[in-house]
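This briefing is for a reader who is new to the structure shown here. Please look over the sequence and the model, then read the points by topic.

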Amino acid sequence: MYHKEKSIQIKSSASALYNNLSVLRIAPRCLTYFTVVHANVVNMVSASWDGLNFSHRQLQSKEGNIAASSSLIMQVGRREGVLNLSAFQMYESDGSIMVYWHALDNPETPTAQAVFARGIAAVRENYICVGISSGSVLVFDIPSKGSNVMLSEVLEEHRDAVTDMASECSGSLEYMADLVTADDSGLLCVWKSGEDFQLLHKIPGFDVSCSSVKLWKGTVAAGYGTGQIRIYEAVTGIVHAEVNAHARWIYSLDIAPFSGLLLSGAEDSLVRVWHLTMNPDANSVEVEHLYSECITDTQICGAKFCDGDGYAFAVTGYDLSEIIRYTQA
């Protein structure tokens, strides 16, 4: 179904972080942007659609109050910003200018506990949500023009560190739920955005960490440390399907919104493509396995589709200085 394309070399290797790959497709410019985190550096690559031209840049995250210091980056969202151990930072799309910096509160905590941000999602073009290690979710109000970003709300439903979050990726406004957040206990919180975010449902996790989550057409896809993928109805929490997808910890999920293809990557060196089919009459979602690829001796830490149809996808692995790409045959 897919065949391997020429890999994109990056200047430093990928860190062993959940969801350590971000992809943004810019149709008017026929470019695809890739970002991969290594320690306190973001590797940024822009690639032309014909695969002939590449532009490389590295962004080093700095502390806002101490110019000479730097801290480990936990996650990058290409449309949203950079999360590191002490702050949420927003840059221009090319990484040239920092436009916003928000320090995380650092209360009295034991020295063995770190304060960090992890999990980031843009919701309905009005908000950017960021998860932190205390379990709180910070909601930032994003103006249509200018850089006057403001912290508008803090959501306090999680009791464990946030691991990931996702907004409704279909682009449709007809679905009530438009944000799902996950934490280290596996708890999922489903939200409706607005001036005040409304909690719609809590989906228990049974003390199994949920490392990656996606929201598509009112359906939640969640990947767990057990290697399982579970498909839920967002508003009610009904389980549509449970798949023993991988032998080890799932590090990344992605959904192609136009086709319903689901991509999963895990510690077992496997990346797999599934197809989600919605059956409105039976109020169910069926999962079909379509494709598997083994990237030998590689701990996969990022896997993303490169387009809305799932025609191509990219993969990163721990300690690999390349982005591996696949396209449909």
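This is a predicted model: local features need pLDDT of at least 70, side-chain atom pairs count only at pLDDT 80 or more; totals for chains, interfaces and linings use all residues.

Ser212 has Gly223 in β20 as its bridge partner.

**Sheet from β19 to β22**

- Strands β19, β20, β21 and β22 form an open sheet of four strands in the order β19-β20-β21-β22, with antiparallel pairing.
- The edge strands are β19, covering 210-216, and β22, covering 239-244, and each of them pairs on one side only.
- From one strand to the next, the twist of this sheet averages 15°.
- Between β19 and β20, which spans residues 219-224, there are six bridges in the antiparallel sense.

**Sheet from β23 to β26**

- A further open sheet has four strands in the order β23-β24-β25-β26, and the pairing is again antiparallel.
- At its edges stand β23 (250-256) and β26 (284-294); each has a single partner strand, so one side of each has no neighbour in the sheet.
- Neighbouring strands here are turned against each other by 20° on average, with direction ignored.
- Strand β25, residues 270-279, runs antiparallel to β26 and is joined to it by 10 bridges.
- Leu276 stands opposite Val287, which belongs to β26.

**A buried strand**

- Strand β15 (residues 162-167) is largely enclosed by the rest of the structure, because six of its six residues are buried.
- β15 pairs with strand β16, residues 179-183, in the antiparallel sense over five bridges.
- The bridge partner of Ala166 is Val180 in β16.

**Aromatic pairs**

- A search of the whole structure finds nine aromatic pairs.
- One of them joins Tyr2 and Phe313: the ring centres are 5.0 Å apart and the planes are at 65°, so the pair counts as edge-to-face.
- Tyr2 is in strand β1 (residues 2-4) and Phe313 is in strand β28 (residues 312-317), so this pair ties together parts that are 311 residues apart in sequence.
- Both Tyr2 and Phe313 are buried.
- Phe88 and Phe140 have ring centres 4.8 Å apart and planes at 40°, so they form a tilted pair.
- Phe88 and Phe140 are both buried.
- Ring pairs also link Tyr2, Tyr291, Phe313 and Tyr326 into a cluster.

**Charges over rings**

- Arg25 lies over the face of Trp49, 3.8 Å from the ring centre.
- Arg230 has its charged end over the ring of Tyr224, at 4.4 Å from the centre of that ring.

**Cysteines**

- The structure holds zero disulfides.
- For background, a disulfide is a covalent bond that joins the sulfur atoms of two cysteines.
- Cys129 counts as buried because its relative accessibility is 0%.
- Cys294 has a relative accessibility of 44%, so Cys294 counts as partly exposed.

Methods: Residues are numbered from 1 along each chain as its sequence is written. Side-chain values use heavy atoms; hydrogens and water are left out. A disulfide is a pair of cysteine sulfur atoms within 2.5 Å. Buried means under 20% relative accessible area, exposed over 50%, partly exposed in between (1.4 Å probe, protein chains only). Two strands pair if DSSP finds at least two bridges between them. Helices (H or I, at least four residues) and strands (E, at least two) are DSSP runs, numbered from the N terminus. Axes are lines fitted to C-alpha atoms, for helices over the stretch in contact, and angles run from 0 to 180 degrees between N-to-C directions. Rings of Phe, Tyr and Trp (its six-membered ring) pair if their centres lie within 6.5 Å; planes under 30 degrees apart count as stacked, over 60 as edge-to-face and the rest as tilted. A charge sits over a ring if NZ of Lys or CZ of Arg is within 6 Å of the ring centre and within 35 degrees of the ring normal.
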